[in-house]
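Here are some notes for a colleague who is meeting this structure for the first time.

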Amino acid sequence: MDGWEEVVCVSRHVAQLTDAYEPIDWAIEVPRADRVRVKSYTCDCVPVFYELCQAAGLMFIRRLSRGGDVTVVHESPWMRCAEVEGLWERLLRGEAR
Ligand SMILES: [Zn+2]
């Protein structure tokens with residue numbers, strides 16, 4: 001075990017992107033709710049990872065891009081829960097990004 005560190009993944013990863021994927025309209029994060037609940041997330045062992053968030057009766061997806069010490073946060077459009085849950089599933093399957 002000397003000097004050997006095992007990477008333990010905490011969650012799922014997004015799948016390889018499919019050819020005809022749906023582009024998500026990412027925008028720079030704008031704080032507009034006091035409380036955001038993270039309902040699900042992908043593993044952060046990769047530079048870009050995602051969080052499924054709920055706030056103020058709506059949901060959205062956060063995209064976190066890590067570069068050095070800085071993590072840039074983008075958000076998908078805020079939409080009704082069912083729509084965003086569907087989008088989250090497509091994101092995980094590589095059908096939206
Ligand atoms: Zn991982």
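1. Please keep in mind that this is a predicted model. Among contacts in the chain between residues at least 6 apart in sequence, 48% join residues at least 24 apart.

2. The chain has 5 strands and 1 helix, and, read from the N terminus, these elements follow the order β-β-β-β-β-α. Along the principal axes, the C-alpha atoms fill a box of roughly 50 × 35 × 20 Å, and of the 97 residues of the chain 16% count as buried.

3. The largest nonpolar core is made up of 12 residues, among them Phe-49, Leu-52, Met-59, Ile-61, Leu-87 and Trp-88. Strand β3 (48-55), strand β4 (58-67) and helix α1 (81-93) are the elements that each give two or more residues to this core.

4. Leu-52, which belongs to that core, deserves a look of its own: leaving out residues up to four places away in sequence, Leu-52 touches Met-59, Ile-61 and Trp-88, and also Lys-39, Ser-40 and Tyr-41.

5. Arg-63 lies in strand β4. Is Arg-63 buried or partly exposed? Arg-63 counts as partly exposed because it has 19 C-beta neighbours inside 10 Å, whereas a residue is buried if 20 or more lie within that distance.

6. Where the surroundings of Arg-63 are concerned, its contacts beyond four places in sequence are Trp-26, Val-48, Tyr-50 and His-74. Phe-49 is 14 residues from Arg-63 in sequence, and the two are 6.0 Å apart in space, C-alpha to C-alpha.

Definitions and conventions:
Residues numbered from 1 in each chain as written. Predicted model: local features only at pLDDT ≥ 70, side-chain atom pairs only at ≥ 80, totals over all residues. Helix = DSSP H or I, 4+ residues; strand = E, 2+ residues; numbered from the N terminus. Contact = placed C-beta atoms within 7 Å. Core = buried A, V, L, I, M, F, W, Y, C linked by C-beta atoms within 7 Å.
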